[in-house]
Amino acid sequence: MTDVRRHTIAHDIADATLAAQGKLRIEWAERSMPVLRQIRERFAASKPFTGVRISACMHVTTETANLMRALQAGGAEIALCASNPLSTQDDTAAALVHEYGISTFARNAIDRDGYYAHINAALDHGPHQVFDDGCDLVSVLHSERRELLAGVKGGCEETTTGVIRLHQMAKDGALTFPMIAVNDTDTKHMFDNRYGTGQSTLDAIFRATNTLLAGKTVVVAGFGYCGQGVSERSKGMGAHVVVTEIDPTKALDATMQGFSVLPMEEAAKIGDVFITVTGNRDVLRGEHFEVMKDGAIFANSGHFDIEIDLKTLEAMAVAKNEKIRHQTDEYVLADGRRLLLLAEGRLVNLGAAEGHPAAVMDMSFSDQALTAEWLVGAADGLAPGVHEVPTHIDKEVARLKLAAMGVAIDTLTPAQEKYLNSWEHGS
Ligand SMILES: NC(=O)c1ccc[n+]([C@@H]2O[C@H](COP(=O)([O-])OP(=O)(O)OC[C@H]3O[C@@H](n4cnc5c(N)ncnc54)[C@H](O)[C@@H]3O)[C@@H](O)[C@H]2O)c1
């Protein structure tokens, strides 16, 4: 394997003096991550990552820091960069470098060139494994850094959008190593996407606007795992929830769960708050801005900042009042209506709040940690392409989380096990 590593504790962060504060917050998150903590303790004893270099492109938050600590305890050499310029917590980045000795390249609100420079810096590490959240690192690796491909054994992808991009790469024959779709485990998307995005998206909207949701009309675009979470939590806060969808089954599900379902052109006229969570582009467009109410708020919780057509919004506005509140920009249209955009259209829960609660990331990142451990031994036997996480890892994370929550469940009796494995018994 070629050793193209240039440095180990290289870093680029905003402010080293924030390290002590960052460490306190990382330890606070750890208190809600009992499964990952157990895994870290096991890794510290068994050292499954000895000699393994990992380049990770993830949201640089306190929860990610705890994942990095677990991998480091297992012997991994890590280079971390941010998967979104707005989600980086500068104190966490400082603590990773100065308290934990983890090579980190992340500054909050860095521009596009800086963002890609950081991805390249993390890749300079010469990884054997890659962790991605949105597929930007894997994409750069296959386009600009092909000299490193021979050294990469495999990796993990954390989010729905990244998994979709990886499937496209695999279909085009472009992906040169196995990538494991951690997003697709039950213990990730059923909880992180649903309960995590549901709660933290509303948290971000409250922090940015202090709006009252009770009695308002909230329009949720997309009724996938994230959209369901956002819809359920909004309903729980007293909002009238309208769902928009392009998939008939999802739309039917939303209808039977008691939500109104409308095309966006109708929903646009009545919404007070719009939340996009589709993973698709141009979900809110010019024709929708034309008919929205004065004071309408929009937030995106899908992976990329393309769900709201910002170019058209900029072009339609006669004035823009930036940062009238934290992460809130006001666009004034020619007829005087004011439209409020949160977190520049980027992932609102990470841009205007702290991302998902640690208790939910405990499961997603335990999936990541156990998958990375399994990949050390399994990668050579896997073909290039997108693979599922082995079911035993998913079940193990659920079992450990239940145990940590003090919840016990039943086990099959021998007669039940026999019954479920037979076909002879009928009515
Ligand atoms: N904010 C976060 O922290 C966070 C967490 C997890 C996932 N995500 C991202 O959120 C997005 C959605 O993830 P998911 O797991 O819910 O995906 P999903 O595939 O389960 O759901 C997406 C839904 O959007 C619908 N959709 C697509 N185009 C649409 C359109 N034009 N109008 C209305 N609906 C449309 C699809 O039919 C689907 O039901 C992805 O980009 C994912 O990466 C964000």
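Predicted model: local features only at pLDDT ≥ 70, side-chain atom pairs only at ≥ 80, totals over all residues.

Visitor: What makes β9 and β10 paired strands?

Guide: A strand is a DSSP run of E with at least two residues, numbered from the N terminus, and two strands pair if DSSP finds at least two bridges between them. Two bridges join β9 (residues 240–244) to β10, so by the definition these strands pair, and they run parallel. Val-243 has Val-261 in β10 as its bridge partner.

Visitor: Why are β10 and β13 called edge strands?

Guide: In the open sheet of eight strands the order is β10-β9-β8-β11-β12-β15-β14-β13, with mixed pairing. The strands β10 (260–261) and β13 (317–325) each pair on one side only.

Visitor: How do you know that helix α8 packs on the sheet?

Guide: A helix is a DSSP run of H or I with at least four residues, and contact means heavy atoms within 4.5 Å. Helix α8 (residues 186–209) touches β11 (273–276), β12 (297–300), β13, β14 (328–333) and β15 (338–342). Its direction makes about 135° with that of β11, where axes are lines fitted to C-alpha atoms, for helices over the stretch in contact, and angles run from 0 to 180 degrees between N-to-C directions.

Visitor: Why is β15 described as largely enclosed?

Guide: Buried means under 20% relative accessible area, with a 1.4 Å probe and protein chains only. Four of the five residues of β15 are buried, and therefore the strand is largely enclosed by the rest of the structure.

Visitor: Which strands does β15 pair with, and in which sense, parallel or antiparallel?

Guide: Two bridges join β15 to β12, and these strands run parallel; Phe-298 stands opposite Leu-341 in β15. With β14, the pairing is antiparallel over five bridges, and Thr-328 has Leu-342 in β15 as its bridge partner. The strands β14 and β15 form a hairpin with four residues between them, and Gly-336 in the turn has a positive phi of about 95°.

Visitor: What does pairing rest on in general?

Guide: Strands of a sheet pair through backbone hydrogen bonds, either parallel or antiparallel.

Technical notes. Residues numbered from 1 in each chain as written. Heavy atoms only, no water. Buried < 20%, exposed > 50% of the residue type's maximum accessible area, 1.4 Å probe, protein only.
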